[in-house]
Amino acid sequence: MFSGQHAERQGSKMARSLLSIVIMVLVVFGLSRLLNTFVFGAYEIPSGSMEDTIEVGDLVFSEKLSYYANEPQKGDIVTFADPLVSNRTLIKRVIATGGQTVDLQNGKVVVDGVVLDEPYTENKVSEPFEKTAVPISYPYTVPEGCLWVMGDNRTNSQDSRYFGAIDASSVSGHAVFTYWPIPHIGVLS
């Protein structure tokens, strides 16, 4: 040993390495939590309400940044808090926004008097439900600050036809990308 050097104890070196690993894990966990809270969410699709756009079991990313500056737009696929079941997230397509009038005529969706062109529904009929969680009569004017959302699989989707318009503030993100399984990977539209 040279003059002025001190022998380093093996225990303190191992303790520093362990502390370094613990800090790195905490930083990674913290960053992951921040990204998941403010930037994106990952969801597994549990039901067929969005078929054939999104299939049961697909894994989907929902980005959150665009809705910090803008409101959801007609045609966006959004994730939002289920208005009837707490701690459950749903995914549907925005059909109309606050102030617009929705009607269901001859199996078609009509917004502000215009029949929507909806190729994503594969021509499935859009009928009102006989039993609903809240009273809904058509034509229905979406309240300001709310959204009318519907699943693309119109014959198998509990959506605004059942629970009414949702509060726009309940939207947690804009679903933009399917990342699993491999054959379904792609941008959502």
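**Figure 1. Glu122 in the loop between S7 and S8.** Glu122 is found in the loop between S7 and S8; strands (E, at least two residues) and helices (H or I, at least four) are DSSP runs, numbered from the N terminus. This is a predicted model, in which local features need pLDDT of at least 70, side-chain atom pairs count only at pLDDT 80 or more, and totals for chains, interfaces and linings use all residues. Residues are numbered from 1 along each chain as its sequence is written, and side-chain values use heavy atoms, with hydrogens and water left out. Phi of Glu122 is near 50°, a positive value in a residue other than glycine. Glu122 is partly exposed, with a relative accessible area of 46% (buried means under 20%, exposed over 50%, partly exposed in between; 1.4 Å probe, protein chains only).

**Figure 2. Asp112, a residue with positive phi.** Asp112 is not a glycine, yet its phi is about 50°. The residue sits in the loop between strand S6 (108–111) and S7. Asp112 is partly exposed, at a relative accessible area of 44%. Most residues other than glycine have a negative phi, and most peptide bonds are trans.

Figure 3. From Tyr138 to Pro139 the peptide bond is cis, with omega near -5°. Pro139 belongs to the loop between strand S7 (114–115) and strand S8 (140–141). The bond from Trp180 to Pro181 is also cis, with omega near 5°. Pro181 lies in the loop that runs between strand S11 (171–180) and strand S12 (186–187).

**Figure 4. Surroundings of Asp82.** The loop between strand S3 (77–81) and strand S4 (89–97) holds Asp82. Asp82 is buried, with a relative accessible area of 8%. A polar atom of the Asp82 side chain lies 2.7 Å from the backbone nitrogen of Leu84. Apart from neighbours within four places in sequence, Asp82 is in contact with Arg88 and Leu90 (contact means heavy atoms within 4.5 Å).

**Figure 5. The protein chain as context for the close-ups.** The secondary structure comes to 3 helices and 12 strands. Along the principal axes, the C-alpha atoms fill a box of roughly 95 × 35 × 25 Å. Of the 189 residues in the chain, 35% are buried. Among contacts with a separation of 6 or more, 59% are between residues 24 or more positions apart.

Methods: Polar contact = N/O pair within 3.5 Å; in protein donor to acceptor, adjacent residues only side chain to side chain.
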